[in-house]
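I opened this notebook to record, entry by entry, what I looked up in one structure.

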Amino acid sequence: MTSYAAAGVDIDAGERAVELMKAKVARSRRPEVVDDASGFAGLFDASALLGYRRPLLTTSTDGVGTKVMLAQQLGRHDTIGIDLVGMVVDDLVVCGAEPLFMTDYIACGKVVPERIAEIVGGVAEGCRLAGAALVGGETAEHPGAMGADEYDLAGAATGVVEADEMLGRDRVREGDVVLALASSGVHSNGYSLVRHIIRLAGLSLEQEVPEFGRTLGEELLEPTRIYSLDCLALARSVEVHAYAHITGGGLEGNLSRSLPPELDALLDRSSWTPPAVFDVLAGHGKVAQADMDRTFNLGVGMAAVVPAEAVDPALALLRERDLPAWVLGEIVPGTGRARYR
C-alpha cells in the first residue's frame, strides 16, 4: 500500500500552515471583506462601487523572480511577500486605481508550516501597507518538481478607478515635470544579474559591506517599497497626469510607457545619487552603465508626471509622508521615449 504522504504531499502540514497564517492575514482585512465559511473563495462586498459614476476594475499579476532564491539561501522568508505585493499593487496604481484585494499562490517542494506562515505573513503585511485586503490564496506542494527547501510565489490583485479620473499618457503635456519617488533599494528586478555578479565576484551574502552598514544579504533582501497609498494621496491632493512603476527595463523603458508619441521625458542623471548597492554591483560585476540602466531602478521606484505648478505641493506632501522625492526631469517635444540629457 502507498499514500499521498508517501508520494511527498503532507496534507496535515498544509492545514497547520493555514492555521498559523490566519492571524497574520487578518491584519490586512478591509471592511468590505465578507467571510466565506467554506474557505474555497474570497468574498469582497462590491456595493461601494455603486457610488462610482463609471467604475473600471483593474487587475495585475506578478511574482518576485529569482529574489526568492536569496531568501531561501539565507533562510529568511518574512519579507519576500512584501516584495510580491509591491510588484503587483504598484502596477495597479499607475492608472490611478485603488487596490482592493489580492490573492497569492505559493508552490513549494515541501510544506513547512512555519515557513509558509512567514511567507504569507509578509504578503499580509504588504497588503496592509498597500491598503488592500488579502482575501485568499493557495499553497501547493510539488515534491519531485521542486526541492524540499524551494518555493516560488505569485499573486494577483484587483483595483478600481473612476473612468474619467484614470491617469495615463493622454494627460501628459509639454512642460510637465517628472518627479522621482525613491526606491528602497534593488526591489525585485534584476536578481538574475545580481546572482550572476555574486558568483563571478565570489561574494558571500553573509559578508559585511561597509557601504551598507550591514551584510550583502540583508541589503539585497530589503523589501520593495510599496507606493500605492502615497500615489493615491498625491493624486487626491494635486493634479497628477501619469505614473510609471520602475521595474525591469529601468527608468527609460518604464517611463516611456506613460508618454504620448509626440513627447519625451528628458531626465537629469545629476539630480540624484543612486544608492550604494548599485555602485557595488556595477563595480564587482564590471557592468556597463547601459546595462545598469536597463536592468535596475537605480534608486527610483516610481515616477510621477505633474504640471509645473504642482511640483512644490507634491514634493511637500511626499516629504510629509516620509517618502524621498525630487525633480527628475521635464516633458519636452519628442518621439514618445524617456531619455537622459
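**Entry on the sheet.** I looked up an open sheet of six strands, and I found the order β10-β12-β7-β13-β11-β14, with mixed pairing. The edge strands are β10 (242-245) and β14 (338-340), each of which pairs on one side only. From one strand to the next, the twist averages 30°. For my own reference, strands (E, at least two residues) and helices (H or I, at least four residues) are DSSP runs numbered from the N terminus, and two strands pair if DSSP finds at least two bridges between them.

**Entry on the model.** I noted that this is a predicted model, in which local features need pLDDT of at least 70 and side-chain atom pairs count only at pLDDT 80 or more, while totals for chains, interfaces and linings use all residues. Residues are numbered from 1 along each chain as its sequence is written, and side-chain values use heavy atoms, with hydrogens and water left out.

**Entry on one strand pair.** I then followed strand β11 (residues 263-267), which pairs with β14 in the parallel sense over three bridges. Opposite Tyr340 in β14 stands Leu267.

**Entry on the cysteines.** How many disulfides does the structure hold? I found zero disulfides, a disulfide being a pair of cysteine sulfur atoms within 2.5 Å. Cys108 is in no disulfide, and the nearest cysteine sulfur, that of Cys127, is 19 Å away.

Cys127 counts as buried because its relative accessibility is 0%, where buried means under 20% relative accessible area, exposed over 50% and partly exposed in between (1.4 Å probe, protein chains only). Cys108 counts as buried too, because its relative accessibility is 1%.

**Entry on the domain records.** UniProt, in an unreviewed entry, lists residues 57-161 as "domain: PurM-like N-terminal". Over residues 57-161 I noted 37% helix and 36% strand, with the end C-alpha atoms 7 Å apart. For residues 173-335, the unreviewed UniProt entry lists "domain: PurM-like C-terminal". UniProt positions are given in the numbering used here, feature names are shortened, and annotations may be inferred rather than shown by experiment.

Technical notes: Axes fitted to C-alpha atoms, helices over the stretch in contact; angles between N-to-C directions.
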